[in-house]
Amino acid sequence: MLGFMAWVMPLFVACSTFGSLNGAIFASSRLFFVGARNGHLPAALSLINISCLTPIPSLIFLGVLTLGLLFVRDVFSIINYVSYVEILFIFISVAGLLRLRQKNPDAKRPIKVSLIAPIVFLLTAGFLVIFSAFESPIEVAIGTIIILLGIPVYYVTIHKPWQWLTARSQAINSFCSKLFVCMPNSEKLE
């Protein structure tokens with residue numbers, strides 16, 4: 001249809017993909033940064049470079065994770081892990097919101113939505129979770145085990161942190177602070 005200008009379409013698709021990936025990288029590093037700032041990840045990930053005001057340790061951590069994923073031969077298994085875990089947590093979140101709506105029907109809500117849309121969304125998400133379990137049970141089992149391993153990690157690191165682990169975390173935090181010329185962010189989310 002475009003004739004001799006047909007090369008323009010793949011170029012625009014590549015530029016769009018590059019821009020989308022660039023935004024996703026910066027957004028993902030901010031998620032690690034905020035999680036660390038609120039005490040859910042190692043404090044070293046909450047450091048901000050003093051000249052650029054960017055979370056450089058968090059960006060480097062995301063880069064290392066990405067490089068680690070490059071060694072996985074089957075990219076479709078990674079896609080299955082991510083999509084299953086994501087839709088599972090979306091399902092849990094929407095179910096929790098519906099439960100809150102049932103438990104506190106008169107609570108002040110800035111946005112009022114008919115119950116039909118969240119229920120249809122919940123059923124769709126539930127279908128995707130169940131379908132994933134039948135379609136790729138090994139990936140679903142491994143993803144579920146990884147999620148459940150987060151419970152003991154939470155108790156060891158956040159709920160009742162081990163003393164030697166806290167000391168090691170402080171040493172890593174100090175090292176990253178010096179290496180990346182960073183300092184802790186003073187703002188915390190309330």
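Predicted model: local features only at pLDDT ≥ 70, side-chain atom pairs only at ≥ 80, totals over all residues.
Reader: How many residues does helix α4 have, and what distance does it reach from its first C-alpha to its last?
Author: Helix α4 covers residues 116–135, which makes 20 residues. At 1.5 Å a residue a reach of 28 Å is expected, and the distance from the first C-alpha of α4 to its last is close to that, at 28 Å.

Reader: Within what arc do the buried residues of α4 fall, seen down its axis?
Author: The buried residues of α4 are P118, L122, A125, G126, V129 and S132. Seen down the axis of α4 these buried residues line one face of the helix, because they fall within an arc of 125°.

Reader: Which exposed residues does α4 carry on the face turned away from its buried side, and what covers the buried residues?
Author: The face of α4 turned away from its buried side carries I116, L123, F127, F134 and E135, which are exposed. The cover over the buried residues of α4 includes α3, residues 75–103, and α5, residues 137–159.

Reader: At roughly what angle do the axes of α3 and α4 cross, and in a crossing of which hand, left or right?
Author: Two packed helices are described by the distance between their axes and by the angle between them. For α3 and α4 the axes come within 9 Å and cross at roughly 145°, and the crossing in which α3 passes α4 is left-handed.

Reader: How many residues of the contact of α3 with α4 are nonpolar?
Author: From α3 the contact is made by Y84, I87, L88, I90, F91, V94, A95 and L98, while α4 brings P118, I119, F121, L122, A125, G126, L128, V129 and S132. Among the residues of this contact none is charged and two are polar, and the number of nonpolar ones is 15.

Reader: How many Å apart in space are V94 and C182?
Author: In sequence V94 and C182 are 88 residues apart. From C-alpha to C-alpha, their separation in space is 38 Å.

Reader: Which residues of α1 are buried, and what covers them?
Author: Helix α1, residues 8–37, has 30 residues that should span 44 Å at 1.5 Å a residue, and its end C-alpha atoms, 43 Å apart, agree with this. The buried residues in α1 are V8, S29, F32, F33, G35, A36 and R37, and what covers them includes β1, residues 47–49, and α2, residues 56–69.

Reader: Within what arc do the buried residues of α6 fall?
Author: In α6 the buried residues are N173, C176 and S177. Seen down the axis of α6 they line one face of the helix, because they fall within an arc of 100°.

Reader: Which residues does N173 touch?
Author: N173 is found in helix α6, residues 163–179, and N173 counts as buried because its relative accessibility is 13%. Not counting residues up to four places away in sequence, N173 touches A43, A44 and L47.

Reader: Which residue with a positive phi follows α6?
Author: The phi of the residue in question is near 50°. The residue that follows α6 with this positive phi is V181.

Terms used: Residues numbered from 1 in each chain as written. Heavy atoms only, no water. Helix = DSSP H or I, 4+ residues; strand = E, 2+ residues; numbered from the N terminus. Expected span 1.5 Å × (residues − 1). Buried < 20%, exposed > 50% of the residue type's maximum accessible area, 1.4 Å probe, protein only. Arc of directions from axis to C-beta. Contact = heavy atoms within 4.5 Å. Axes fitted to C-alpha atoms, helices over the stretch in contact; angles between N-to-C directions. Left-handed = near helix turned anticlockwise from the far one by under 90°. Nonpolar A, V, L, I, M, F, W, Y, C, P; charged D, E, K, R; others polar.
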